[in-house]
Structure formats: structure tokens, C-alpha cells
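This report describes one protein chain for a reader who is new to structures. Please look at the sequence and the model before reading on.

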Amino acid sequence: METVDVRVLREACSWHAEGHQFLLATVVKTWGSSPRPVGSMMALREDGRCVGSVSGGCIEDDLIHRYTRAYKARSIPQGIPELVRYGVTADEAHRFGLPCGGTLELLLEFQPDFEALDTLVQQLERGQLVQRTVHVATGAVTLTPTSAPEALRFDGATLSCTLGPQYRMLLIGAGMLAEYLATMALFNDFSVTVCDPRVEHLHSWSVPGVSITREMPDDAVHALRPDPRTCIVALSHDPKLDDLALLEAIHSPAFYVGAIGSRRNTRSRRQRFIEHFGETTESLAHLHAPVGIYIGSKTPAEIAVSIMAEILAVKNGVALPAMLSVENVKHPLAPIVSAV
């Protein structure tokens, strides 16, 4: 599976090659609540066909109404980019289905430069991280390779956003929980790899679109070369596998490292890492364990929801309150029977 950004840009290139007119819309600012974050993109063709999303649907409908021949024989205009704002008044917010107080601003690029767009798609398909800068006054685009993702910047004169490969997830252990978690990660645009050297555990794997490796987990982590768009989750329940992966992962740039296990097993793992592998409380602060947020989950599917929710919160920079921590929520004297 590829990212939404790549799908939008590739479709736009295809439309250009077929002789269609189109515009590229990017969310550049939001105020209050908004349905889509900054950087969200949508391409809109002159006949009303669109790919991607900048809202829950109503703003897309308005853009179609304004800029295409689907309504009143209009077509995509030519010229320099245009800024449009939605949700300034309460009436507009209601009309476009924006949350209370929500406002968003879009940069519309009309028939953006095909050569720059095609080059960008090729770079993204090669897994490169690229900063795309749009000069609002002229519509000129510059592409700059970068080594780390940066937050979108828009000052009214230029738009700079980092585009790159998918977020990646490495799962250690190929059980049922891994299948549920892999499925959720895939539809959240993650590229998923499952590592399990125990061949018998892979016989029943049924989730398509996932890379499989049978190498030792620490080798798999090393080979993956984790970056700030990578998360690693140990699910095997076998310390010989999980520990090796975690010891390699906690010192990597991965944005999230987690491990399943009861509170008792988690405390034992931390103590083992400190006593025998030279880790410290500070070096283990990056480890999320017991993994997930507390939602009273019992089944593999529910536990996967718990884990995926925590991963997405960390990815999106959301500080979860202590009351959602499995370690803090469960009463110290309660039976230790569930990972999440």
C-alpha cells in the first residue's frame, strides 16, 4: 500500500498525461477544530473527478461547484495559485460541515508544473524524503532532498511541506494479534513487515500486503534501518525474540517502540535490561510497555485497537494522560492477566 499523498500526485500526473486540466489543493492552515490536518491534499479534475481529501466532503463539493464544468459549464482556471478560506463565519462552518469554531485555508495550484510533479512522484516512489516548496506569487515549485521530516510551513508567500515514504511498522511475532494490528496499520497507510524466525508461526499468516522475514529480530531491526517514521512492536511473548529486537530498537530513531506483556513481565524485562545489558531508566523511557492504552481490552482484536491507538497518538504528537496507561490504570493489587 502507498501513501495518500503518492496516490494523489500520481493520479494528477496521469491526468496531465491524458490532457486533462486539474488543480491541486493543499490544507495550509487550520484554526480550531478541522476535519483534516495541514498538508492534506486533493487533486480535482475539470470534469469533477477528484482524489484525496481536504475535508469530510462538503468542501470538496464546493470546490467542484466553483472550479469545474460539472456545474455551470465552468472549467479549471489557469494562473497563479489562489488561497481560499472556509469556515470564517458560523453560517459557513455549518454549511460546510466544519466542527464548531473550525476554519481551514487551502492553497489551490492550477495546472501545476508537470515536470516538477512527475519528478516528485518518481522520488517518492524511490522512497526518498523530499521538501516541496511552492512560491505563491508565481506558482513556481522547488524540490529539495531532505533527511528528516519537517512540519509544514506556510507564511503566505511560500508553502514548504515534507513528502516522503510511508510510515513503517515492524512486528516481532506472527500470531493472531499481529494479524489484527497489521490490518489496522495497513489501512492507516503504514508499510508493515512481520519478523518471526519460528517458521511454524508463519504457516497460518493470512494478511496480504505484508512483508515477511524469518531472520532474527535484532537483525531485522538493524536491516530495517529505523527512522523517525518507523515504529517497532514486540508481540512474540518470547523473551529470546522480543528482547533482542527491543535492545536494538530503543536506541534507534524509531518514533515508537513497544512490547506486549503483563505488568509483572514488563517489570522483569526492565530489570533484566538494566542488570544484564547496561540499560538505564533513562534509556528505557523510550519503551512503551505494557503496550497500548487501557480500554479494558481482552480479545486480540481489541488489544490491537489499543496498541494502534497509542501508536497513532505518539505519531501525531498527542500526549496521552496518565489515566490511559495500562500500568497506572490497573490497581496494583489486581490480578495481572492482560497486556492491555
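Leaving aside residues up to four places away in sequence, Arg269 touches Asp242, Asp243, Leu246, Ala259, Ile260, Leu287 and Ala289; a contact means heavy atoms within 4.5 Å. The model is predicted, so local features need pLDDT of at least 70 and side-chain atom pairs count only at pLDDT 80 or more, while totals for chains, interfaces and linings use all residues. Residues are numbered from 1 along each chain as its sequence is written, and side-chain values use heavy atoms, with hydrogens and water left out.

Arg269 lies in helix α8, residues 263-277. Helices (H or I, at least four residues) and strands (E, at least two) are DSSP runs, numbered from the N terminus. With a relative accessibility of 6%, Arg269 counts as buried. Buried means under 20% relative accessible area, exposed over 50%, and partly exposed in between (1.4 Å probe, protein chains only). The Arg269 side chain also reaches the backbone oxygen of Ile260 at 3.3 Å.

The chain has 340 residues, and 47% of them are buried. Its secondary structure consists of 10 helices and 15 strands.

The largest nonpolar core has 29 residues, and Met169, Leu171, Val192 and Ile311 touch the most other members. Such a core is a set of buried Ala, Val, Leu, Ile, Met, Phe, Trp, Tyr and Cys residues joined through side-chain atoms within 4.5 Å.

The largest share, seven residues, comes from α5. A second, separate core of 21 residues includes Leu170, Ala245, Ala259 and Leu287.

Six strands form an open sheet with parallel pairing, in the order β12-β11-β10-β13-β14-β15. Two strands pair if DSSP finds at least two bridges between them. At the edges stand β12 (211-213) and β15 (287-288); each has a single partner strand, so one side of each is left without a neighbour in the sheet. β11 and β12 run parallel and are joined by three bridges. Val194 has Ile212 in β12 as its bridge partner. Helix α9 packs on the sheet and touches β10, β11, β13, β14 (256-259) and β15. The direction of α9 makes about 130 degrees with that of β11; axes are lines fitted to C-alpha atoms, for helices over the stretch in contact, and angles run from 0 to 180 degrees between N-to-C directions.

Terms used:
Polar contact = N/O pair within 3.5 Å; in protein donor to acceptor, adjacent residues only side chain to side chain.
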